[in-house]
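Take a look at the chain below.

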Amino acid sequence: MLNWYLQGGKESDVVVSSRIRFARNLSNFPFMTKLDKTAKQKIEEQIKEVTPTLGYGLKFMKLKDMDDITKMSLVEKHLLSPNFVLNKEDTGAMLINDDENISVMINEEDHLRIQVMNSGFDIENLMNLAIEVDEKIGDKLPYAYSEKYGFLTVCPTNVGTGLRVSVMVHLPGLARTGNIRKILEVINNFGMNIRGIYGEGSKAGGDMYQVSNKQTLGISETEIVKNLKLITEKIIEQERLARKILARDNIELEDKVYRAYGTLTNAKKISSNEVRELLSEIKLGTDLGIIKELDDLKVKKLELYTKPANLQKYLGKQIESYERDIRRAEVIKQIVREK
């Protein structure tokens with residue numbers, strides 16, 4: 001069985017993935033900003049103790065027991081945050097299952113960051129799963145909660161529900177027709193965030209954007225999901241209209257996507273940044289049925305296994321940057337040739 005990030009999903013021509021995240025803190029400990037190393041270790045021990053009772057095949061792992069490539073491979077899969085991995089303290093842990101669709105960061109910005117993820121547009125089903133996981137942990141370890149404000153978090157923008165619903169969207173049509181700025185303004189006006197593929201502070205790459213709710217206080221979980229669903233449906237509609245406009249000039253579009261395909265599949269060495277930009281064109285061409293040589297699974301494999309850490313995981317060894325660019329080109333050819 002393929003992991004979620006290699007599977008197809010609903011509306012996956014535009015919505016690459018969906019994520020539900022809860023920020024939670026334990027009631028019997030101060031916030032992370034006031035915690036010393038001993039207290040952080042106690043939190044990790046308490047969570048490790050209850051892990052076998054949670055189900056879902058969740059396993060407890062300490063960051064210090066993982067090698068750097070493994071940690072960065074999880075960042076590339078959006079299962080750990082970059083800042084969490086770069087923390088030099090000898091603390092930090094996570095829960096994760098074999099399918100990697102459930103992960104819990106322990107002692108990141110909050111005591112717990114509970115995440116569930118899936119491919120495509122799947123926020124309603126994910127919400128049900130996230131609530132299940134959240135309630136199971138909350139039954140074992142009481143959360144910091146205020147009758148007036150709701151769940152209490154380190155960052156004021158998470159207080160209330162502590163809920164962040166997000167979708168990763170691929171918007172090459174809107175980018176190439178010059179309508180992306182209008183859409184970004186509409187998203188902001190609807191009280192949504194739009195940012196790069198690795199969250200706050202990161203740059204968008206390959207026409208990929210992450211759309212999520214801003215408001216967590218004074219609004220219910222149901223309303224958050226409903227609002228994000230509505231705005232995402234509008235984004236899907238506008239992106240598909242933009243792609244139809246591009247397809248009117250069929251020769252220009254075919255030329256552009258096949259030039260990208262030719263460069264990707266014939267390069268002798270290639271960087272991960274260049275792959276990301278080329279794959280935006282190639283995914284568009286594959287989704288529109290122009291590129292017949294690839295399917296959705298191959299595109300997803302190319303997206304994952306060309307990233308620096310996951311490339312090294314794929315090859316089973318650590319390699320330096322220059323050699324990575326050479327081996328990346330070889331791995332691309334292998335994936336394209338797969339039957």
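Asp255 is partly exposed, with a relative accessible area of 33%. This is a predicted model. The side chain of Asp255 forms a salt bridge with that of Arg259, at 2.8 Å from N to O. Arg259 is exposed, and its relative accessible area is 58%. Both residues belong to helix 8 (residues 250–266). They sit four residues apart, about one turn of the helix.

Salt bridges can also share partners. Glu108, Glu109, Asp110 and Arg113 are joined into one network in this way.

The structure holds 19 salt bridges. One of them joins the side chains of Glu124 and Lys229, at 3.4 Å from N to O. This pair links distant parts of the chain. Glu124 is in helix 4 (residues 123–140), Lys229 is in helix 7 (residues 221–248), and 105 residues separate them. Glu124 is partly exposed, at 43% relative accessible area. Lys229 is partly exposed too, at 26%.

Glu281 and Arg176 meet in another salt bridge, with N to O at 2.7 Å. Here, too, distant parts of the chain are linked: Glu281 lies in helix 9 (residues 272–287) and Arg176 in helix 5 (residues 172–176), 105 residues apart. Glu281 is buried, with a relative accessible area of 11%. Arg176 counts as partly exposed, at 28%.

## A buried charge without a partner

Side chains of opposite charge can pair when their charged atoms come close. Which side chain of opposite charge is nearest to Arg324? It is Asp325, 5.9 Å away. Arg324 is buried yet has no salt bridge, because a salt bridge needs a side-chain nitrogen within 4 Å of a carboxyl oxygen.

Arg324 lies in helix 12 (residues 321–337). Its side chain reaches the backbone oxygen of Ile319 at 3.0 Å. Leaving aside neighbours within four places in sequence, Arg324 is in contact with Pro308, Leu311, Gln312 and Ile319.

## The nonpolar cores

The largest nonpolar core has 54 residues. Ile20 and Ile106 have the most contacts inside it. A second, separate core has 41 residues, including Ile96, Leu264, Val299 and Leu304.

What does Ile106 touch, not counting residues up to four places away in sequence? Among its contacts are Ile43, Ile47, Phe60, Phe84, Met94 and Leu95. Glu44 and His111 are also among the residues that Ile106 touches.

Note on methods. Residues numbered from 1 in each chain as written. Predicted model: local features only at pLDDT ≥ 70, side-chain atom pairs only at ≥ 80, totals over all residues. Heavy atoms only, no water. Helix = DSSP H or I, 4+ residues; strand = E, 2+ residues; numbered from the N terminus. Buried < 20%, exposed > 50% of the residue type's maximum accessible area, 1.4 Å probe, protein only. Lys, Arg positive; Asp, Glu negative; His and termini not counted. Polar contact = N/O pair within 3.5 Å; in protein donor to acceptor, adjacent residues only side chain to side chain. Contact = heavy atoms within 4.5 Å. Core = buried A, V, L, I, M, F, W, Y, C linked by side-chain atoms within 4.5 Å.
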